[in-house]
Structure formats: structure tokens, C-alpha cells
Amino acid sequence: MPDAMVDARASHATSNANALEVDVAVVGAGFAGLYLLHRLRKAGFTVVALEEADDVGGTWYWNRYPGARCDIQTIDYSYTFDPELERAWQWSEKYATQPEILRYFGFVADRYDLRRDIRFHTKVTAANWDQASERWRLTTDHGAAVSCRYYIMATGCLSAPKPPEIDGVKDFTGEVYFTGRWPHQPVNLAGKRVAVIGTGSSGIQSIPLIAEQAAQLTVFQRTPNFALPAHNGASPTDRMALLEGDRAGYREQARWSLTGVPWPQQLAVSWQLSDAERRERFEKAWAAGDLVYILTQLWADQGVDVDGNARVAELFREKIRAIVKDPETAAALTPHDHPFGAKRPCLDTNYYATYNRPNVTLVNLRQEPIKQITASSIKTDKRTVDVDVIVFATGFDAMTGAIMAVHPITGRGGKSLSEVWANGPQSYLGLTVAGFPNLFMITGPGSPSVLSNMAVSIEQHVDWVVDRLIALREKGFTTIEATETAQAGWARHMADCSMLTLHRLANTWYTGANVPGKAQGVMPYTGGVGPYRSICNEIVSGGMLGFKLSGQNVAEQCNDGEVVRLQPDVRLVLNMLEEMKLPPIESFGAQGARDFVAQFNASRPAGRPVGEVVDGTLPGPDAALPYRLYRPATPGPHPIVVYFHGGGWVLGDEQSDDPFCRDMCRRTGMIVVSVGYRHAPEHRFPTAAEDGFAAARWIAEHAGELGGQGGPVLVAGWSAGANIAAVTCQLARDRGGPEIAGQLLVCPVTDCTFDRPSYNENAAGYFLTRSLMYWFWDIYCSPADRTDPRASPLRGKLKGLPPAFVVTCEFDPLRDEGIAYAEALAAAGVPVEQLNARGHFHSSFTMVDVVITGVSGRVQMAEALRRFAGLPPGSRQDNEDVRRGRTAPRHEIDAAAK
Ligand code: NA7
């Protein structure tokens, strides 16, 4: 009888038995399951936990391979819900071993008397939602079925081991071990020929210890990994002092941090530091032996920018080359195919040095893949390695494996979770799935989970779920289910977040790439632990946004909607500004507002290096105007972009958009000349417009002297600067030049009316407010002048203008007048492309290296400028950005094409 049929009969048998009725069933008795049990019981729910193993511990029960340790400092990898528990348990080492961690879970289980509600040796074989009774029915391979109101998967992210996927495994007659299912009895490898397949954390932790025992160790490596020496020992005194000095404060900081470990956010960017400074920081991190530290504390751009990351990766590679004596082995061990941190880096003890031992050989599977495993050997394209033992350290079907693959889960209408997740996991918050009422996942795909200190993320999820169940009970609700709208919104937010970090650039178990045939995509939430927590809290304070709640005796409640519509980094910026509780900028007066902007700009990341920056003056209509010229590092002459800064015709100067000008200079490979036009109230309309036009004409006429190409120039601007750029194009057409090849208008002011919807929808809360715009207009221009096309270019003649690229942002009062201008240009026969940037605000694109999700828009702007100048598409990196979907959708207006 085939296995599947045996399984089916077994399930059928248990499902007919009398079911155990509980409020909540929890699957798993690991870190999450134990805490769930404790909290649920305390809250008065009846609970059973079902656990396949014969004791508590979850992943720490199974992963008993030599060298298994935690790789987050153990003081951080602990329960924090009970200060008494914290005082009662002392870790013996900075990174505890698996036996010590398992003892800890035993200690916790005893302390709260948890075992009495855990059914061990019990595998759930199926879970079905019964709509009539509004309960889940679980069948198991041991004991009665379970009927529960709520079903909580506390199954862990890395608990379903991946099959070896290598031909002939079953033919091998020697000993076979899996790191993720290591025997409980001692394994004696002394004097044996051992093969280890896999060099992730498990391989890297176990290889040095196996090498000490085995006669001969052959390591089969598919992808080299970055491994940092743990420097294990006692917990570092500085971290202990921080924790013990203010335990509650330390824990709270962890909860609101990005990773779940309290380290400050780095502000210095890599290009601001000298080689020596970078090296010093790296050496300090190497000596600290802390993954979270080295992943976050070197420089601000290390995890978000390819160049900033490459600087870390290269220093790492130097270390590997210095430790490993054989250059060929060193080269094979050196990772080149992924950014540092995009694949889970490892923490090791003597890993690289192990390859200097005479009994250790590395086989590089990239050069000689395994062809077959025979009764006594592993054969590659180039050699046959005879072995007595094979250790598979080949990892897990991560994140979704334990939830989806282990047993069928059938939700409302008979829909199975594996169907719903066929193209990748869909969830709301990584906690719930639409169509699966009353089902929760602890640290499921879509939550920070494996990209965080799991201890913090588990506690946050458990607390959130149990608090919700209590609230539901109080209000008489018996079902809770995510809506499709909320879930689709979360998928969009997840996709936006995945643009923040470099995880999407590597093929890893984070993306499902390690399992053949698995859908690909970044599965954990990359927006950070603290931001995630605040979103979960917002959902509650927003009346359970995105959830449908129902109960027999209460009216159904559904507060449908998307929880985050802003880009994740825009949300952070706006939250930060809100916390600052600034008075309205207009209340400062013109000079006060200028001082504020200067101070604000001083605290932003410095713009990136360009070939040369030159300050100068040019003759304006009746006064000299300052300018700042940004020259690319490439040989000239280059086309010239005349740039006008933002600031409502009142604020800013030729330097105030410095990072954006540098970014455009680098991406376009063109000279950018930022013009210091005169401001109101000292110089009211039409001074700024006339200065802008005069500057463009002078720059075009003196292109050669500036090192630029002769011929047409381009114009660009942001906000009021985009207004000046648009006006300049109209004046240049009407006044006989200069010739302009194209205009880039970023969030332009184009009209003096305030009745378009975006003015009301985004009147406040997005930094540029409606009242600030009123103030700018009042200072710049009297009502009588406002309809002049030099103030409101939308009211001018648009025929015959240069091609345009118009950028508008969703959460900007100026959005609709920008769109109106693009549409009017198109209607007038001007070739125009439009970028409607979803989730962005007025300042998104000029906040370079702060609003990282703005990169796609900036890539498109630079490409548009290059097209206008007749240049081929830009750098490979930029094209790569576009190819990898880093760019927001753009649409060309039909009329323009004609
Ligand atoms: P990982 O990190 O997934 O490592 C598995 C390793 O096994 C990795 O080097 C894989 O190479 C390799 N592998 C997987 N399948 C094969 C086949 N078929 N042939 C050759 N090599 C293979 O799992 P770990 O158990 O080490 O660690 C899991 C997590 O636990 C870890 O990240 C920590 O969070 C704790 P690949 O890189 O896929 O090319």
C-alpha cells in the first residue's frame, strides 16, 4: 500500500474519535508555543499544544548537531515577558550551546507548569475549518482529534528539513545524518571518512568540530557564505552593563529597534568615511563577534546600497584570504555572488582555519557538481570521494515549509492553503490569511521573523494574538478574518519594503531559492521590527483595520482598508517629523523658515561624490546670481542640465538640493548647474521666473566655458523650481532661445488654484501642507499676477514646448496640478511621460539616501534626461534597477506619442 494511502487511513481513524474541545490549539512547543501556552492559559482560554517531539524546545530539540549554538547573543535571545524569569536564569556564555538552550526551555516549561497541556509525539495530519460550527478540526497521528475555535501555528520558520535532492542518496550504505534531525545518542565520527554537504549556519558550526574527530572530512560547498568569528566566552561586559543598568529600558529599545537587538541606527554613510576609518570600524566589528553589530553598525548604507555593501564584503573577503592558506581553497570559500547580509551570514568558531588542517578538503560544487551518491562514495564531475558518513547540512524549506507542507490546511469554502500559496505566501501581517478565519501564524512569512531577533518577534506576535483573542471574547466576537483588500495591501507594502534592503538581490532561503520549484520572492518583512510593531498597533487603534469580525450575538464588524499606503521609508520620515512636533514652517517667518531648512538640510546624509563641484556666479537680469556646478567624473564635454531648487520661491538656494543634484549628475553623466535665483519676499514675482530664464540662457551661451557641450540644454526643477523650469521652457520658446532639449518637472507648481482634490486629500500631514502653499503664494505673488503664465504655466500656451518628464507624488497637495500640466502638454502635442509615484510625498525624490524607495523614480528621471539629450541608456546598475522591478510604473500619455 502506498505511504499516502496509509496516511489517509490513519488520519481517517483519528478524525472519527471523540474530539478534544478547546478554545485554542497551538502547534509546536518551541519558543513561540511555550509562551503562547502560558499567556493563553493565564487569559483563561482552554488550550492544547500539539508537539511532534517528545519534549519542548522546537528547533532546539531537533538541531543537536555538534557545535549548534544560537547566533544572536543569548542575553537578547531570551523571554522578556517576566522579569522574575529573567532574574531566575543566567546564561553561561555569550552564545549558548544547544543543550543549554534546551535546558532553558525545560526550565521555562517547569516554571509555568506548561507540559500538562502539551500533547507530545503528536503530529497534526490535517486541519479543516468548519464554517457551521466556526471551529477548526484537527486530525492527528496520535490521540483524539481536536476541535478548537482558534488554531495557532507556532511551527517555527526553520523546522521542515529540506530533502537532499541528490541522486542515489538511498543507495548509500554508510551512516547518514541530517543536522536538522540529529540523533539524541552520541554520534561517533572518530576515525571515519565524513562528508558534509552544505555550508550554511549548520554546516559552518559543525564542520570545525567534525574535522577534529574525523579521519578525513570532505566539505561539499555549493555557495560560499560570509562567516564571522563568534569570539565566544562570557557575555560582553558592556552589553551586560547596558542590560543590567536598565533591563526594562533595554528590552523596550529592542522592541522598537530595526532588528530586535538594541543598537543605534548608524548615520555616517560609507562615502563620508576614509578607507582607514572604514577599516577601523570593520576591525572593531570583526573583534566584537556579533552578527547584528556587523550587519548594522558599520555605516548607514551597508544594508541598503550596493556600493556601501560592497565595501563591507571586500573587507570580509580580505579576512578569508588571510586565514585560509591554500589560495585555491580561499578563493572557493570567498563569496562573490551575493551582497553581505542578503544571504544569512554565519557565526563561526575556527571555520575558515579548519581548511588549513591536513584532513580537510573542500569540494567546490560550482566547478564540479555532485553527479551521484553511490553505496560508498560521492561522485562529482571530477572525482569520487569514498566516505563512511554523510552529514546533510542542507537546510530547510524555510518560512512556509512547516506551515504548508507538513499537513493540509483547508479554510473557508474548502480552499487549501497550498492552493492559495501556490505562487508564494500571501498573508496579512504574516499573521493571518484571508479565507482562513481564526488561523494565526507566529512569525509567519510576511512578518520580520528570520530577519530579526526571533525572541522579540515571537513575543510581539504572541502578545498581539492573545490580546486580540481577549478583546474578541470581551466583545462577543467568535471569528476574525483578514480581508482580501488588507492582504493585497500588505503584499504591496511587502514589495515596497523589499526595495529597502538588498535581500532581493540574492538567491537564498529568504527568497525560496533553496527549494527546487518553490515560488520566489522575499518572504520575511524587510521593513524592520519597530516599524512592524507600530503597524500592528495601528491596526488595533484603527478599529481592527483590515479584519472582519463576527459573532452570533453581535453585529458583524469590518473596517476594511490598507494599513500602509505610504512607502515604508516615507512613513518613517513622516513619523519622525510628527514626533518632532514642529510648529508650522510658515509660523517662523521667511528668515526663520530659511534657517530651519538650512538646519534640517545639515542633518541629512551628505550627497555622493561627483567628479567636481564648482561654485560661481552668472549675470542675472539685474544682479549676479550664484550657481553651483556638478561635473561628472567621466571625461567631458557633457550635456548640461540647468536645475532650479525647490522652496516655494521663498526658501533654499543653489546648494539646498545638493544630494539630488549630485544624484542626477551621477546617474545622467551630465553637468548639473543649480541656479541661485532670487527669492520672495525680497524679490517678488516675476523675479524668480525671470532669473531662471536668464540663467538658462546664459548657461546655454557659455556651455563651452563651463566644460559642457554646446547646443541645446536641458532644464529640471523640483516644486517651485519645477515651476521655474516649466516657465523657462515657455519663455525660451517665445523669446528666441535658448534651445531646450527636454524638461524634467518634479512635483511642479503649475497653477494658482487650490481646488483640485489633492489639495484637500493631502492638506496636512505630508510635510508640504496646503497652508504652507498658501503662504508661499502670498509671499511670492499678488492675486492679480497669479494667472500670468510666468506664475501659473498651466495657463500659458503649451504648443511647441520641449519634451517633458513630469513626476507627481500620491501624497502631495501639488499632485493634481502636476498631472493636469502633463495632460495639457500632451493635449498640445508635446511628447510627455508621466511618473505617478505611489506612496510618495512631495520631498521623496530629493531626500536622496533617506527615501531609498525613491531610487526607482530617480533612475527614470535620469533616463528621461539622457533620452532628451540623445544619449544611450545609463549605467548598467540603473538598468539593472529597472530590470529587477525597482522602478515604479510609468505611463506615456497616448496623445504624446502622436
Ligand atoms: P542553510 O543556511 O539553508 O544552509 C544549507 C546549505 O546546504 C547551503 O550551503 C546550501 O547551499 C546547501 N545545499 C542545500 N541543498 C543542497 C544540495 N542539493 N546540494 C548541495 N548543497 C546544498 O541551512 P542551515 O541549516 O545551515 O541554517 C539554517 C538557519 O538556521 C540559519 O540561517 C540560521 O538562521 C539558523 P546554497 O546556499 O543553497 O547554494
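Of the 21 residues around the ligand, which come nearest? They are Lys-162, Ser-202, Arg-222, Thr-223 and Lys-343. This is a predicted model, in which local features need pLDDT of at least 70 and side-chain atom pairs count only at pLDDT 80 or more, while totals for chains, interfaces and linings use all residues. Residues are numbered from 1 along each chain as its sequence is written, and side-chain values use heavy atoms, with hydrogens and water left out.

**View A. The shell around the ligand.** By class, the shell holds seven nonpolar, eight polar and six charged residues. Gly is counted as polar, and Asp, Glu, Lys and Arg as charged.

View B. A polar contact is a pair of N or O atoms within 3.5 Å. The side chain of Ser-202 places an N or O atom 2.5 Å from an oxygen atom of the ligand. A ligand nitrogen atom is 3.2 Å from an N or O atom in the side chain of Glu-165. For Trp-509, a polar side-chain atom lies 3.4 Å from a ligand oxygen atom. The protein covers 88% of the 770 Å² of accessible area (Shrake-Rupley method, 1.4 Å probe) that the ligand has on its own.

**View C. The largest nonpolar core.** Such a core is a set of buried Ala, Val, Leu, Ile, Met, Phe, Trp, Tyr and Cys residues joined through side-chain atoms within 4.5 Å; buried means under 20% relative accessible area. Among its 81 residues, Leu-40, Leu-429 and Phe-547 touch the most other members.

Terms used: Buried means under 20% relative accessible area, exposed over 50%, partly exposed in between (1.4 Å probe, protein chains only). A residue is near a molecule or strand if one of its heavy atoms lies within 4 Å of it. A polar contact is a pair of N or O atoms within 3.5 Å; within protein, one must be able to donate a hydrogen and the other to accept it, and residues adjacent in sequence count only if both atoms are side-chain atoms.
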